[in-house]
Amino acid sequence: MTSGMPAMPLSLVRAGDTVTVSKVRGNTDLRRHLQELGFVEGSEVHVVTSSGSNIIVMVKGARFGLDVKVAQYVMCE
């Protein structure tokens with residue numbers, strides 16, 4: 001966490017960029033769900049595509065889609 005970049009929600013990361021998860025926000029159930037998908041502090045997330053209300057990401061070798069509303073809870077740097 002010494003990159004000097006401010007944390008921003010995953011929903012704002014551009015397609016093609018790779019970021020590191022700094023924090024997962026939200027209620028307990030949402031945080032648990034995201035952690036089970038691999039969104040844990042320190043994990044790398046690659047944004048494959050970002051269009052409208054969905055983004056496609058790669059986390060720990062798995063590719064899946066996330067709703068932008070959910071992606072707002074994953075803080076990255």
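## A walk through the sheet and its core

The bridge partner of I55 in strand β5 is L66. This is a predicted model, in which local features need pLDDT of at least 70, side-chain atom pairs count only at pLDDT 80 or more, and totals for chains, interfaces and linings use all residues. Residues are numbered from 1 along each chain as its sequence is written, and side-chain values use heavy atoms, with hydrogens and water left out.

Start with the sheet. Strands here are DSSP runs of E with at least two residues, helices are runs of H or I with at least four, and both are numbered from the N terminus. Two strands pair if DSSP finds at least two bridges between them. Six strands form an open sheet in the order β1-β6-β2-β3-β4-β5, with antiparallel pairing. Its edge strands are β1 (8-9) and β5 (62-67), and each pairs on one side only. Strands of a sheet pair through backbone hydrogen bonds.

Now go pair by pair. Strand β4 (residues 54-59) joins β5 through six bridges. Six bridges also link β3 and β4. There, V45 stands opposite V59 in β4. The hairpin of β3 and β4 has two residues between the strands, and G52 takes a positive phi near 60°. Three bridges pair β2 with β3. One of the partners in β3 is E44, which faces T20.

Buried means under 20% relative accessible area, exposed over 50%, and partly exposed in between (1.4 Å probe, protein chains only). The largest core has 19 residues, and L10, F39, V45, V57 and L66 have the most contacts inside it. Helices α1 (28-37) and α2 (68-71) are among the elements that each supply at least two residues. Contact means heavy atoms within 4.5 Å. Beyond its neighbours within four places in sequence, L10 is in contact with residues including F39, V45, V57 and L66.

Next comes S11, in the loop between β1 and β2. S11 counts as buried because its relative accessible area is 14%.

Finally, the charges. A salt bridge is a side-chain nitrogen of Lys or Arg within 4 Å of a carboxyl oxygen of Asp or Glu. The structure holds two. R14 bonds with D17, the closest N and O atoms being 3.7 Å apart. D29 meets R32 at 3.3 Å, N to O. Both D29 and R32 lie in helix α1, three residues apart, about one turn of the helix. R14 is exposed at 61%, while D17 is partly exposed at 28%.

Notes:
Core = buried A, V, L, I, M, F, W, Y, C linked by side-chain atoms within 4.5 Å.
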